[in-house]
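Here is a short note to read alongside the model. The points go from a helix pair to a sheet, then to the domains and the chain contact.

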Amino acid sequence: MESISEKHVLNGRKQIILIVILTISTFALALFSMGLGSSSQLDMFSTMKIIFDTGQFSCIFEISEVFPCNQDIQSQIVWNLRFPRIMMGMITGVALATAGALMQGCLGNPLVSPLTLGVASGAALGAAFAIVLNLSFIPIPELAIVANAFLFSLIVVAIIIQLGNMRSISAESYILVGIAITFIAGAIVSTMQYFATDAQLSQLAHWSFGSLSRPDLVNTIWIGLVIICLMPIVFIWAWDLNTLSLGGDEFAISTGVEPVTTRRNILIISALMTSIVISFTGLIGFVGLAAPHMSRLLIGNDYRKLIPCSAVFGAFLVVFADTVGRTLFAPIVIPVGIMLSIIGGPFFMYLLLQNRGHAH
Amino acid sequence: MSDVLKVSNLSFSWSDNPVLENIEFSCKWGELIAILGVNGAGKSTLLKCMNKILQPQTGNIEVESKNIDDFSIIELSKSISYVPQSVMTNFSMDVFDVVLLGRRPHISWRISDEDRDKVSKTLQLFDLEDFAFRRFDRLSGGERQRVIIAKAVAQNPSLFLFDEPTSDLDLRNQIEVMKRIRDLVDDKNERKSALVAVHDINLACRFADRILLLHEGKVKAFDTPESVLNEKNIAEVFGVTCTILSATDESPMRVLVGDEIKFHSTSIIKQEE
C-alpha cells in the first residue's frame, strides 16, 4: 500500500496530466475554430492546408526571402481575421482567468473577479470619454478608444497602489473601494449615455459587449507577449497565495508571508493584466470569476497548479464561446461576452450542483 | 542557557485603549508557559505581539537572543509558529497540503521528499493520517484545529504560540492536544518551547511549567502554578471562589471552582482583606 507521501506525489502528477490534457484540448479547439467561419470557400480541410503551409508564415512575419509568400483571399481570411481573433481569445482567457484566480486568492474571497477592483469600470469610462465626448489622450482616432480605456484603467491601478501603501488596508477595503469606483465610473458613463447620440450609444454598447476582433495581428502578438512576460512573475506568488487564500492575514504572517505588500503587488499585476486586455476587447466578464472556480473543482486550491489550470481553462472558455457566437447564427456574430454568460453560466451551475457534497 | 524569548516593558493599545501595560516575562528553552486571564485580559494580543501580527507601542522582544525587529517575517516564521484560535476559510485544500504550508518558510518552490516525510510524520503524530486527503473545510472545528496545530509543528520552529488551542475540542482531545504540546516541549532532541493561552485553569496546572497570569492588561503573577494559582489571585482575576487541591503522586494540582463573587472588583477584595 502506498504511503501518504507517495500518494501525494501521485495526486500531484495526476493534476499535472489533467492540465496538460486541458492545454492540448485548448490548442486543438483553437485549431478547429480556425476552420470554422462564414466563408463558404474556406472549409476545415482548406483551412488546415493554409495553416500548415510554411509559405504562410513568411507572409505573416515578412520573411518572403526565405519562403514564397501566397496571400490569396482565403489565406488572408485565415491569418488576418481568424488567427488574430482566436489568438486574442486565448490571450484574453489566460489573462482574465489568471487575474481572477490571483484576486480571489489574495483577497480570500471567492466572489471577486477582474471586474471587481474597478479596472473594467475605469476602462469603460475611458472608452466613453473617447466615444461620446471625443476626448482622448492620443490624437489618433483609430487608437483613441483603446488608449483612453487603457489609461483610465491605469488610473485605477494607481489608486490600488496608493491603497496598498496604507499599512492598515485590509482585503475587504480593496473590494469596497473597487465597488465605489465602479459606482462612480458607472454614474459618469450613464450621464454621458444620457446625452449621447444614437450612434454613440450603439458604439458604446458594442464596446461593452466585448469583441476579440478589434486588435489586429501585430497588436495581438504584442498583447500576448506582455501577458506571457507577466505569467512567470505570477508563479512566484503561488505559495503566498496558498496561505493568504486559506487563512487570511494572521495565518499568512505566521507562515512567513507579509500580507499587505504581497497583496498589493499581486493586485497590481492582476489589474495590469486585466486593463491590457479589456482596453482592446471591451468588457468580457464571467471568465475571470468562473474559470478559477472550475479549475478548483478539477484540481483543488494549490496555486502552483491552479494558476496554469485557470489560465488554460480561461483560454478554452473564451475560444469556445467566441466560436459558438460567430458560427451558431452565422453570419450574425453574437459578442463573446454575451456568449460566455449564456454558455458558461448554466455549465458553471451544473458543475457546482454536481460537486455539492463530493470531495474533489 | 539563554532564554528562547524575553519580553520587557511591552505595552500595546488600540487607539487610546490600553490593552497591555509593561509586560515583562521570559520563556526558557524546553518550557511550556500557560497564559491565563479573563476575556479581554490581553492573552491573544500578547501572543500576536510576539510574531509581528501586532506592533506594540513600546517594549523589547528578543527571540533566540535577537531583537524581533531584526527578523524578517519569513525568518521569524522559522523561529516562531503561531496557531490562531480558529481558521475560517472560503477555499479549501487537502489536509496534507494545509500541513505542508507549514514548510513554506523552508521551501523555495519545489517540495522535497524531506518536506513530504516531515508532513507525513506530523500527520501520524496527531492521528490525522486518515484525514490526509480529505478537504480541510469539510472537517469539524476540532479536527481543523488539530490540522492547524500539525501545520505549526511541521513548521519546525523553536517557539510555539498557541492561542486557545483547546477551545473547539472535546474533553478527550483537549487533553490529547495538551499532551502532544507537552511532548514536543519535553523532547530533548528538538529544543522547543511553547506559550499557550488557555481558559482552563486545570489544563494550565497540569501541563504548564510556569503560568503568566494577566489582569487588566498587566502581569498579575508569573511563576509556577503552585505559586500563581492561589485563592486570592483567582478571586481577584476571575471573580470566583475556589478550592485548591495540591498536587499528589497520583494527580496534578487542581482548582475546584466555587461560585462567582458578587460585585467583583479589586477594591472590594481589598476591603475584605
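1. Helix pair in chain A. The model is predicted. Helix H4 (residues 73-107) of chain A packs on helix H11 (residues 259-281) of chain A. The angle is about 155 degrees, and the axes lie 9 Å apart. Angles over 145 degrees count as roughly antiparallel. H4(A) and H11(A) are therefore roughly antiparallel to each other. Their crossing is left-handed.

2. Residues between the two helices. From H4(A), the contact includes A:Met88, A:Ile91, A:Ala95, A:Leu102 and A:Cys106. Among the residues they meet on the H11(A) side are A:Arg263, A:Ile266, A:Leu267, A:Met273 and A:Val277. How many nonpolar, polar and charged residues does the contact of H4(A) with H11(A) have? The counts are 13 nonpolar, six polar and one charged.

3. Sheet in chain B. Four strands of chain B make an open sheet, ordered S2-S1-S4-S5. The pairing is antiparallel. Strand S2 (17-27) and strand S5 (66-67) of chain B are at the edges. Each has a single partner strand, so one side of each has no neighbour in the sheet.

4. Inside that sheet. Seven bridges join strand S1 (residues 5-14) of chain B to S2(B), in the antiparallel sense. B:Leu5 sits opposite B:Cys27 of S2(B). Helix H1 (residues 43-50) of chain B packs on the sheet. H1 touches S1, S2 and strand S4 (58-63) of chain B. The direction of H1 makes about 60 degrees with that of S2(B).

5. Domains of chain B. The domain assignment gives domain 1 (5-229) and domain 2 (230-273) of chain B. Taken over C-alpha atoms, their centres are 27 Å apart. Domain 1 of chain B puts 14 residues into the contact, and domain 2 of chain B puts in 11. On the domain 1 side, helix H7 (201-207), strand S9 (210-215), strand S10 (218-223) and helix H8 (225-228) of chain B each supply at least two residues. H7(B) gives the largest share, four residues. By class, that side has eight nonpolar, three polar and three charged residues.

6. Contact between the chains. Here 33 residues of chain B are in contact with 25 residues of chain A. On the chain B side, two or more residues each come from helix H2 (73-79), strand S6 (80-83), helix H3 (95-100) and helix H4 (113-125) of chain B. The largest share, four residues, is from H4(B). This side of chain B has 16 nonpolar, seven polar and 10 charged residues.

Methods. Residues numbered from 1 in each chain as written. Chains lettered and ligands numbered in written order. Predicted model: local features only at pLDDT ≥ 70, side-chain atom pairs only at ≥ 80, totals over all residues. Contact = placed C-beta atoms within 7 Å. Nonpolar A, V, L, I, M, F, W, Y, C, P; charged D, E, K, R; others polar. Pairing = 2+ DSSP bridges. Axes fitted to C-alpha atoms, helices over the stretch in contact; angles between N-to-C directions. Domains from an automatic or database assignment. Parallel < 35°, antiparallel > 145°, perpendicular 65-115°, else oblique. Left-handed = near helix turned anticlockwise from the far one by under 90°.
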